Every structure is written in structure tokens, then in C-alpha cells.
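User: I have a structure open here and would like to go through a few local details with you. Can we take it step by step?

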Amino acid sequence: MQITMTVNGDSVTRDVEPRVLLVHFLRDVLGLTGTHWGCDTSNCGLCSVLMDGAPVKSCTVLAAMAAGHEIRTVEGLAVGGTLDPVQQGFMEEHGLQCGFCTPGMMLTARALLDKNPDPDEDTIREAISGQICRCTGYATIVRSIQWAAKHPAESSRPEGVPA
């Protein structure tokens, strides 16, 4: 079947089998390998992307279900070569270790900050509760998101990507 969606601000149309998961569409068809795939059970959150501005686990969404929607991956966070504040925060506060969970964490954080630009620690922890990090104790991740909240950019989303 032919599907069309907007990925990181660009319209893409491809032929796919109806059973293809969004995570595989992004990685294997579009070559956007920043979206990681980890558990096969939707428990880890590694594959989280934004669909119409809300975090979704792309291993639970068929690519066909994403047709007509706006998808944002970690590759779409930086705008015009400038890091998103979330990306910068993860660098400044050492919010990553192995980096495997980082793309999903960053996108979940971006969705949170788009809705709540000044979240408290409990709100941040609740927002990332669907994300598993096996390397950290989450303290540096929380501090990274707090850093991003204190350093908002002029625009943290590409034109055409909804808030």
C-alpha cells in the first residue's frame, strides 16, 4: 500500500506492506536510524518518536496508521544546525551514557517541554516513566531536561511540525 506522512518536516510517500511497523519504516525504509528498537514488547520506550507532537512507541504503531500524520524523530530535533535545548541539555548535564535510550528520552522531553515549559522534577520523572535507561539512575537525565527548560530556544521545532 502507498502511504504519505510528514517526517521531520518533509512529506514522504512510500509503498509499504500493511504489517510494517513505524519503527521499521523509519529505520529500514527512510534510513533514520536514530530511532532505536529494543525490546519487542513496547516496554522500553527506546523507539519513541513524536506523532503530531505526542510521544508514541513506534514499535506499537503500524506505518500505515501514521499516514497523514506529522512524525518527528531525533534527527529532526536540531534546527538549521543548531541543537535543540534538550540535546544541548543532555550534553551539558551528562544525560547519556551508552546513548541507546537517548533519542526516545530526548523526544519525550521535547514533547513535555512543548506542553509545559517549566516542569518540576516529579513532572519530568512522570513524563519519562515509559522510558527505560539501564545505565543511569535518571538523575542526570532529569537535570538535562531541567537545563533545557531553563534555556529555551527561539524555536525548538521545524516549521510545519505542530506543538
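User: Where does glutamine 146 sit?
Analyst: This is a predicted model, and in it glutamine 146 belongs to helix α5, which covers residues 139–150.

User: And is glutamine 146 buried, exposed or partly exposed?
Analyst: Glutamine 146 counts as partly exposed, because its relative accessibility is 26%.

User: How far is it from aspartate 118, in sequence and in space?
Analyst: Glutamine 146 and aspartate 118 are separated by 28 residues in sequence, while their C-alpha atoms lie 7.9 Å apart in space.

User: Where is aspartate 120, and how accessible is it?
Analyst: Aspartate 120 is found in the loop that runs between α3 (102–115) and α4 (121–127), and with a relative accessibility of 45% aspartate 120 counts as partly exposed.

User: Switching topic: how many disulfides are there?
Analyst: The structure holds 0 disulfides. Cysteine 59, for example, is in none, and the nearest cysteine sulfur to its own, that of cysteine 47, is 3.7 Å away.

User: Are cysteine 59 and cysteine 133 buried or exposed?
Analyst: Cysteine 59 is buried, with a relative accessible area of 15%, and cysteine 133 is buried as well, with a relative accessible area of 10%.

Technical notes: Residues are numbered from 1 along each chain as its sequence is written. This is a predicted model: local features need pLDDT of at least 70, side-chain atom pairs count only at pLDDT 80 or more; totals for chains, interfaces and linings use all residues. Side-chain values use heavy atoms; hydrogens and water are left out. Helices (H or I, at least four residues) and strands (E, at least two) are DSSP runs, numbered from the N terminus. Buried means under 20% relative accessible area, exposed over 50%, partly exposed in between (1.4 Å probe, protein chains only). A disulfide is a pair of cysteine sulfur atoms within 2.5 Å.
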